[in-house]
Amino acid sequence: MSTQKGTIGVTTENIFPVIKKFLYSDHEIFLRELVSNAIDATNKLKTLSSFGEYKGDLGEMNVKVSVDKEAGTLTVSDHGIGMTADDIEKYINQIAFSGAEEFLAKYKDKADNIIGHFGLGFYSAFMVAKKVEIRTLSYKDGAQAVNWICDGSPEYEMQPIEKTERGTDIILYIDDDNKEFLEQARIDTLLKKYCRFLPVPVLSGKEQEWKDGKYVDTDKDKVINNTEPAWTKKPSELTDDDYLAFYRELYPGQDDPLFWIHLNVDYPFTLTGILYFPKIKNNIDVTRNRIQLYCNQVFVTDSVEGVVPEFMMLMQGVIDSPDIPLNVSRSYLQSDTAVKKISTYITRKVADRLEEIFKNNRTEYEQKWDDIKLFIEYGMLTDEKFCERAMKFVLVKDTEGKYYTLDEYKTLIEAEQTDKDSNIVYLYSTDTVAQYNYINAATDKGYSVLVMDGQFDSHFIGLLEQKLEKSHFVRVDSDVIDNLIRKEDRKAADLTPEQRNILTTVFKSQVPKVEKAEFLVTFEALAADAAPLVITQNEYMRRMKDMAAMQ
Ligand code: ADP
Ligand code: MG
């Protein structure tokens with residue numbers, strides 16, 4: 001093969017100005033693209049080797065990113081499949097032809113972690129480089145190593161070179177506007193962001209050691225990534241400590257999370273991940289420590305608006321899916337059917353998990369309730385589907401610190417706290433200190449008072465009034481308490497005034513010191529029996545005893 005010149009296969013006169021402008025604010029993603037390609041090349045070779053189509057020694061399979069400040073270059077090297085001149089012609093010179101797709105079609109079953117098709121791909125290198133060089137040797141028997149150079153015009157040059165190591169070096173001659181990418185610290189930051197959990201070891205810079213009062217480079221290459229992050233493992237392989245350790249790796253210095261969910265689905269879309277329920281005391285801040293979106297272990301973004309329901313933005317952790325279309329506009333993302341399915345799936349899983357913990361471990365659930373309450377209330381307020389599910393496991397707390405489900409609480413109070421329109425009256429306090437006297441007055445009368453002092457509680461009360469039939473929420477310091485009618489009162493009220501008079505006279509004559517409340521119980525018994533308006537002394541004493549026992 002001799003030197004060959006040609007024009008890359010684009011129809012517009014020159015694609016490079018477009019590339020430079022495109023996603024300009026995001027030009028750092030070139031590194032993600034190049035490292036992804038290097039990982040793909042590595043994984044492809046592993047796949048071929050496992051199929052017996054590559055019989056050679058795989059050797060050390062890592063990806064290296066090195067900067068040479070003097071030469072003004074940044075190089076991404078791999079020991080993957082490499083490229084022949086024909087490959088370059090096909091996959092590089094003809095822009096927009098993705099080799100990843102072709103490879104996947106051929107080795108579908110095995111090669112599930114090919115990243116491919118990300119964004120601008122290889123050509124994103126021209127966002128930061130005035131010249132790009134490829135030096136590559138294919139894994140194929142007897143392959144000739146090739147060098148390809150392009151200086152940012154549509155013309156390229158290709159020629160045979162000496163290269164004995166299998167794999168590819170992509171050399172970027174960084175342009176003057178982008179000198180920052182020649183700083184090891186800047187590259188470290190980028191690699192930490194995009195490559196932290198890539199499946200192949202990524203090396204960049206040197207390990208440091210403390211020597212003579214300062215840090216100095218050793219000659220050991222620094223490994224950037226954790227190649228086996230927790231979400232890629234089976235839940236059965238992981239202990240609680242593993243989940244917590246992974247959380248701390250993602251969000252150093254944070255309080256440990258309350259619960260987590262390991263997501264794992266193959267159909268109708270592929271998605272794995274671990275979502276954590278963080279402690280949320282007050283003051284929700286969705287901009288902090290957000291869910292991170294990955295595509296085959298490559299970091300894509302941590303702005304997941306539109307991918308997960310809004311309330312889930314309060315969760316933390318990782319979602320990894322090759323099925324979420326990347327680098328497209330938000331509005332497109334929100335209307336994408338795959339994304340909708342994913343969103344629905346995650347909502348369901350989150351509800352499943354909470355219900356499961358609630359059912360199997362009520363004590364733990366109650367202990368953590370105060371910290372998860374905001375999340376669940378926010379979810380119920382903003383997501384209809386989640387709300388339906390959560391009606392079963394949302395808790396309310398009374399002023400004594402006891403927790404109840406909505407059903408339990410209704411059963412508790414319905415006999416005692418009803419108004420004249422037969423609404424069940426939920427008394428609540430928005431401030432247990434300021435309303436202390438009112439709470440005492442209410443509990444002295446035997447009423448139960450809920451604590452509703454959370455950030456969303458006023459909205460949440462509105463929601464409950466809609467959802468719970470014949471319910472009425474009343475502040476404990478309002479005068480409604482005095483108008484509450486107990487079930488017994490209502491029964492008593494069913495009596496005609498004449499009946500009531502007769503009864504009162506009978507009781508007063510028989511037992512002069514009977515209190516009002518005690519009267520009512522007996523009234524009820526009588527009304528229920530629809531019996532003659534007399535009661536024997538014995539029967540009366542029995543009922544009094546029952547009542548004393550109940551109190
Ligand atoms: P994609 O990764 O979506 O296929 P790219 O533009 O990133 O698109 O890359 C185009 C093609 O170039 C790849 O599919 C692959 O065939 C080839 N390629 C790029 N980088 C390398 C590399 N480091 N080793 C081997 N082949 C590569
Ligand atoms: Mg690519």
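1. Thr 136 stands opposite Thr 168 of strand β7. The two strands concerned, β4 (residues 129–137) and β7 (residues 167–174), pair in the antiparallel sense over eight bridges. Pairing here requires that DSSP finds at least two bridges between two strands. Helices (H or I, at least four residues) and strands (E, at least two) are DSSP runs, numbered from the N terminus.

2. On provenance: this is a predicted model, in which local features need pLDDT of at least 70 and side-chain atom pairs count only at pLDDT 80 or more, while totals for chains, interfaces and linings use all residues. Residues are numbered from 1 along each chain as its sequence is written, and chains are lettered from A and ligands numbered from 1 in the order in which they are written.

3. The chain has 17 helices and 19 strands. Of its 551 residues, 32% are buried; a residue counts as buried if 20 or more other C-beta atoms lie within 10 Å of its own, as exposed if 12 or fewer do, and as partly exposed in between, with C-beta atoms placed from the backbone. Among contacts with a separation of 6 or more, 67% come from residues 24 or more positions apart. A contact means that the C-beta atoms of two residues, placed from the backbone, lie within 7 Å.

4. Strands β4 and β7 belong to an open sheet of nine strands with mixed pairing, in the order β1-β6-β5-β4-β7-β3-β2-β8-β9. The edges are held by β1 (4–7) and β9 (214–223); each has a single partner strand, so one side of each is left without a neighbour in the sheet. Neighbouring strands are turned by 25° against each other on average, direction ignored. Axes are lines fitted to C-alpha atoms, for helices over the stretch in contact, and angles run from 0 to 180 degrees between N-to-C directions.

5. Helix α5 (residues 184–194) lies across β2 and β8 and runs at about 120° to β8.

6. Strand β2 (residues 63–68) has neighbours in both senses. With β3 (residues 73–78), β2 runs antiparallel and is joined by six bridges; Lys 64 has Ser 77 of β3 as its bridge partner. These two strands form a hairpin with four residues between them, and Gly 72 in the turn has a positive phi of about 70°. With β8 (residues 202–211), β2 runs parallel and is joined by three bridges; here Val 65 is partnered by Ser 204.

7. An open sheet of three strands, paired in parallel, has the order β18-β17-β19. Its edge strands, β18 (449–451) and β19 (471–475), each pair on one side only. Five bridges link β17 with β19 in the parallel sense, and Leu 427 has Val 474 of β19 as its bridge partner.

8. Helices α9 (residues 362–382) and α13 (residues 457–467) pack at an angle of about 50°, their axes 10 Å apart. The two are therefore oblique to each other, given that angles under 35 degrees count as roughly parallel, over 145 as roughly antiparallel, 65 to 115 as roughly perpendicular and the rest as oblique. The crossing is left-handed, meaning that the near helix is turned anticlockwise from the far one by less than a right angle. Glu 377, Met 380 and Leu 381 of α9 meet His 459, Phe 460 and Leu 463 of α13. By class, this contact has four nonpolar, one polar and one charged residues, where Ala, Val, Leu, Ile, Met, Phe, Trp, Tyr, Cys and Pro count as nonpolar, Asp, Glu, Lys and Arg as charged, and the others, Gly among them, as polar.

9. Most residues other than glycine have a negative phi, and most peptide bonds are trans. The bond from Tyr 267 to Pro 268 is cis, with omega near 5°; Pro 268 sits in the loop between β10 (259–265) and β11 (271–277).

10. For Asn 296, in the loop between β12 (292–295) and β13 (298–301), phi is near 45°. Asn 296 is buried, with 24 other C-beta atoms within 10 Å. For Ser 422, in the loop between α11 (406–413) and β17 (424–429), phi is near 55°. Ser 422 is exposed, with 12 other C-beta atoms within 10 Å.
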